[in-house]
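Subject: Structure handover

Hi,

My notes follow below it.

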Amino acid sequence: MIYQMNELTGKFNLCQTLQTRGAYSLEYFSIADKHFLAAANYYDGTYLLDSAVYQWNGQRFVAFQKIPTKGARDFTFFALNGENYLTVANHYDGSTYSIKSVIYKWSNGKFNKFQEIPTEGALECTAFVINNDTFIAFANHHNSNQKFAVQSTVFKWSGGHFIKLQSLQTYGAYGVTSVNINGHTFLAFANSYSGSKFNINSFIYKWDGNKFVPFQSIPTRGAIAWHPFVISGQTFLGVANHRGDSQKYNTHSVVYQAYGAKFIKYQEIPTHAARDMTTFEYKGHTYLAVANQYNQKNNINSALYKWV
């Protein structure tokens, strides 16, 4: 569902519904003066199905291109040397989690396959730049050998393609995001499950000039996603906690504040099996949207918070 802000009421109204197939995420991006929305379709009786890219026609999003995926969980758009790329994190093909995620490159008015990346039950990917070098990190969730202790991976642009730079320890990683604070780059992984419990620490790594090194371990409860945002020059990092060992799905998600040499707890927010969060600004105010999934039933409300 796509909602549009009503300028008169200051409320969101339903604008459009898209026919998706077990979609897990949406990625908005623009190329030149054209606007697109990519939907990662995960499962509809099969994991081997097309995901979709939609284009804005001035009034609504219309189908633009189908992309073959394998249990797709996330799309990430990025630009590199004036070229545009779209990466899909493939999770599962119906038989194995050890499959290839794919980077597509925009050329001749559409996305074409550019490079395959080996991943292990990938659930999210993120692209970021450090000192003019471009990186892609994948949150690997699970495979048949290491189970949930599988390592997540970081790839670096070599000039013609991406090469593996580093493997980082994670546990059932669900999400990964990068954040830059005062010239320092951090990579935060949301660890969701150890194989026996959900109340585990999530890891934040810091770039030391050559590689990522452990920086801080933060207690989380079935963490699904990290979301960095800035208010009045101050950096915050929110984590969407999905479920705890004792609290189950009625657990709190948490916003951390970058303070000194670490992230400190700033505010807890009651959530119900939170899956993701994001922020946006409207008329000088910052809003935090949290996607809730479950509270005795799946048909529940999500929440929108306002910074005051």
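Asp-74 stands opposite Ala-89 in S8. The strands involved are S7 and S8 (residues 83-90), which pair in the antiparallel sense over eight bridges. Bear in mind that this is a predicted model.

S7 and S8 belong to an open sheet of four strands. The order is S7-S8-S9-S10, and the pairing is antiparallel. Strand S7 (72-80) and strand S10 (110-120) are the edges, each pairing on one side only. On average, neighbouring strands of this sheet are turned by 20° against each other, direction ignored.

Salt bridges next. A search of the whole structure finds seven of them. Here are some.

Arg-21 bridges to Asp-44, with 3.1 Å between the closest N and O atoms. Arg-21 sits in the loop between strand S2 (11-16) and strand S3 (23-31), and Asp-44 in the loop between strand S4 (34-41) and strand S5 (48-56), so the pair ties together parts that are 23 residues apart in sequence. Arg-21 is partly exposed at 33% relative accessibility. Asp-44 is partly exposed too, at 44%.

Lys-156 and Asp-133 also meet through their side chains, at 3.8 Å from N to O. Lys-156 is in strand S13 (residues 151-157) and Asp-133 is in strand S12, so this pair ties together parts that are 23 residues apart in sequence. Relative accessibility is 26% for Lys-156, which counts as partly exposed. Asp-133 is partly exposed with a relative accessible area of 31%.

Asp-208 pairs with Lys-211, the closest N and O atoms being 3.2 Å apart. Asp-208 is partly exposed at 39%. Lys-211 is partly exposed at 41%. Elsewhere, salt bridges that share partners join Lys-100, Lys-113 and Glu-116 into one network.

Now the backbone. Which value does phi take at Asn-132? Phi is near 70° there, a positive value in a residue other than glycine. Asn-132 lies in the loop between strand S11 (122-130) and strand S12 (133-140). Asn-132 counts as exposed because its relative accessibility is 75%, and the cut-off for exposed is over 50%. The C-alpha atoms of Asn-132 and Tyr-104 are separated by 21 Å, and these residues are 28 apart along the chain.

Ala-273 has a positive phi as well, near 55°, and is likewise a residue other than glycine. Its place is the loop between strand S22 (262-270) and strand S23 (274-282). Is Ala-273 buried or exposed? Ala-273 is buried, with a relative accessible area of 0%.

On cysteines: the count of disulfides comes to zero. Cys-15 is partly exposed at 29% relative accessibility. Cys-125 is buried at 4%, and the cut-off for buried is under 20%.

Last, the surface. Met-1, Tyr-3, Phe-12, Leu-14 and Leu-304 make a nonpolar patch of about 540 Å². Leu-304 is in strand S25 (residues 303-306). With a relative accessible area of 45%, Leu-304 is partly exposed. Patch residues need over 30%.

Best wishes

Terms used: Residues numbered from 1 in each chain as written. Predicted model: local features only at pLDDT ≥ 70, side-chain atom pairs only at ≥ 80, totals over all residues. Heavy atoms only, no water. Patch = residues over 30% accessible without salt bridge, like charges linked within 9 Å, V, L, I, M, F, W, Y side chains within 5 Å. Areas by Shrake-Rupley, 256 points an atom, 1.4 Å probe, with all protein chains shown as cover. Salt bridge = Lys/Arg side-chain N within 4 Å of Asp/Glu carboxyl O. Helix = DSSP H or I, 4+ residues; strand = E, 2+ residues; numbered from the N terminus. Buried < 20%, exposed > 50% of the residue type's maximum accessible area, 1.4 Å probe, protein only. Pairing = 2+ DSSP bridges. Axes fitted to C-alpha atoms, helices over the stretch in contact; angles between N-to-C directions. Disulfide = S-S within 2.5 Å.
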